[in-house]
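Colleague: I am new to this structure and would like to learn how to read its features one at a time. Could you take me through some of them, giving the general idea where there is one and then the case at hand?

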Amino acid sequence: MRVHLMGLGGAGMSALAKLLTASGHEVTGCDLSPKPYYETDSVKCDTGHSADHIKKYNPDVLIYTSAVDKECSEIKYAREHNVKLIPRGLALSKLFNAKKGIGIAGAHGKTTTSSMTGLIFLHANLNPTVYIGANVPDFGDTNAIAGNGEFFIAELDESDGSFEFFTPSTAVITNADWDHVDHFHTPDDYINAFVRFADGRKNSLVICAEDEGANLVIERCKNKSAIIKYGFGKNWDWSAYDIKHIDGGGSISKISHEGKYIGDLKLKVSGEHNILNALASIASAYDNGIKFEESITILNSFHGSERRMQIKGVTDNKILVIDDYAHHPSEIRATLKAMREIYPDRRIVVIYQPHRFSRTAQFANEFAYALGLADEILLMPVYSASEHEIPHSTSKEIIEAAERELSMKIMPVDFDNAVEELKNILYPGDILLTMGAGDVYKIGEEFLGYN
């Protein structure tokens, strides 16, 4: 079958392209970006969106991302010429639902949890298919593995509601912290989507008992059977306690299963949020026949995912440059808290790029408080992600909230002056943290080149 993918430059679509290619389909694609996330000799990617692509490749199916304008010339031409149109989430669900699926959803942590779970199943010699929203160093810097085993481990996207297409055998919810306000207009809309996802599972629900939203999902879901809770302390099905953070990175935790201590979890990745991610992975693996002892041995070798507290380099004067994908107030708090645990004596300078006007308008105050955990903050203009500006949705709202609520100064910058401003405020031994889901990582890369 000939398949054409609109938005091939994105992490999710590029992973789907790899799985479709491995299944024997003839895959082509296009993206607005001139440098797509994924391109090989077997998958050609054209720049831009045009009806000429349909004429050129004559696909049987056109798969598109939710970010693509449904009235663009390429989709209209495909529709008029009877090319089957499928959204990305639905296309992925058809592959996923044909196997024994472990579907990992949540506002935060799903990329790392999916990566950890995939690594466990991979090293347990179960030959899983894996679909991740970022490249994973432990997978050879790829975001997809086309295995021939019975399991399909996937990071599921709730941003457009498409995770409801999936019927996992084991459903995982890392949290249900209101986000994607352009699609879910109220917190209840968001929670109820997760409820439907949970009720759509075939077997178990692995869910974080530490999260307020996740607990609402438990209360509201109709299927109360096989709910596996994880969290801190000793009261959950899977629990972590006596946590010790290691200077320079990593942690050691005692783990209990159903109230009984069963061993220690040692991680190279830092932060309490990553301990929770590991618990979700351990619980999912155990639910599918993988012993705890095997999971913790495998997780001890986990090196993290791309753009998740990723060390980019260090300058001659020992300024450490780190990049992180955090783009929600809860994620920013978790990342900065983890950074404090790893580098307790170093000054942290953050350059943050807000992601989406709708998110910025809704959470401006929360962003200000979260960013306040850093020593100095520089703020980029909003990365629109195809949204149009709405009232009270710019970086100015966060700057004003920081000054109003915290008497805290945030410096506005852009790509033209950011590196120069960083040069003026960074001292030897500082940490530069680029943060956001857009292209702010380029600032850190430019800074490293500058030095």
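This is a predicted model: local features need pLDDT of at least 70, side-chain atom pairs count only at pLDDT 80 or more; totals for chains, interfaces and linings use all residues.

Colleague: Is Thr65 buried or exposed?

Modeller: The cut-off for buried is under 20% relative accessible area, and Thr65, with a relative accessible area of 15%, is therefore buried.

Colleague: Where does Thr113 lie, and what does Thr113 touch?

Modeller: Thr113 lies in helix 5, which covers residues 110–123, and Thr113 is buried, with a relative accessible area of 1%. Not counting residues up to four places away in sequence, Thr113 touches Ile104, Thr174, Asn277, Ala280 and Ser281.

Colleague: Now to pairs of helices: how are two packed helices described?

Modeller: Two packed helices are described by the angle between their axes and by the distance between the axes. Take helix 5 and helix 9 as a case: their axes come within 9 Å and cross at roughly 115°. Helix 5 and helix 9 are therefore roughly perpendicular to each other, and their crossing is right-handed.

Colleague: Which residues make the contact of helix 5 with helix 9?

Modeller: Helix 5 contributes Met116, Leu119, Ile120 and His123, while helix 9 contributes Glu294, Ser295, Ile298 and Leu299. Sorted by class, this contact of helix 5 with helix 9 has five nonpolar, two polar and one charged residues.

Colleague: At what angle do helix 8 and helix 9 pack?

Modeller: Helix 8 (residues 272–287) and helix 9 (residues 292–299) pack at an angle of about 140°, and their axes are 9 Å apart. Helix 8 and helix 9 are therefore oblique to each other, and helix 8 passes helix 9 in a right-handed crossing. On the side of helix 8, Ala278, Ile282, Ala285 and Tyr286 take part, and these meet Phe292, Ser295, Ile296 and Leu299 in helix 9. The residues of this contact of helix 8 with helix 9 divide into seven nonpolar, one polar and no charged.

Colleague: Is the crossing of helix 1 and helix 4 left-handed or right-handed?

Modeller: The crossing of helix 1 and helix 4 is left-handed. The axes of helix 1 (residues 11–22) and helix 4 (residues 88–96) come within 11 Å, crossing at roughly 35°. In this contact, Gly12, Met13, Leu16, Leu19 and Leu20 of helix 1 are set against Arg88, Ala91, Leu92 and Leu95 of helix 4. The residues of the contact of helix 1 with helix 4 divide into seven nonpolar, one polar and one charged.

Colleague: How many disulfides does a search of the whole structure find?

Modeller: The search finds zero disulfides. Cys208 is in no disulfide, and the nearest cysteine sulfur to that of Cys208 belongs to Cys221, 15 Å away. A disulfide would need the sulfur atoms within 2.5 Å. Cys208 is buried, with a relative accessible area of 3%, and Cys221 is likewise buried, with a relative accessible area of 2%.

Colleague: To finish, what is Glu341 in contact with, leaving aside its neighbours within four places in sequence?

Modeller: Glu341 is in contact with His245, Ile246, Asp247, Gly271 and Glu272, leaving aside those neighbours within four places in sequence. Glu341 is found in helix 10 (residues 329–342), and at 17% relative accessibility Glu341 counts as buried.

How values were computed:
Residues are numbered from 1 along each chain as its sequence is written. Side-chain values use heavy atoms; hydrogens and water are left out. Axes are lines fitted to C-alpha atoms, for helices over the stretch in contact, and angles run from 0 to 180 degrees between N-to-C directions. Helices (H or I, at least four residues) and strands (E, at least two) are DSSP runs, numbered from the N terminus. Angles under 35 degrees count as roughly parallel, over 145 as roughly antiparallel, 65 to 115 as roughly perpendicular and the rest as oblique. A crossing is left-handed if the near helix is turned anticlockwise from the far one by less than a right angle, and right-handed if clockwise. Contact means heavy atoms within 4.5 Å. Ala, Val, Leu, Ile, Met, Phe, Trp, Tyr, Cys and Pro count as nonpolar, Asp, Glu, Lys and Arg as charged, and the others, Gly among them, as polar. Buried means under 20% relative accessible area, exposed over 50%, partly exposed in between (1.4 Å probe, protein chains only).
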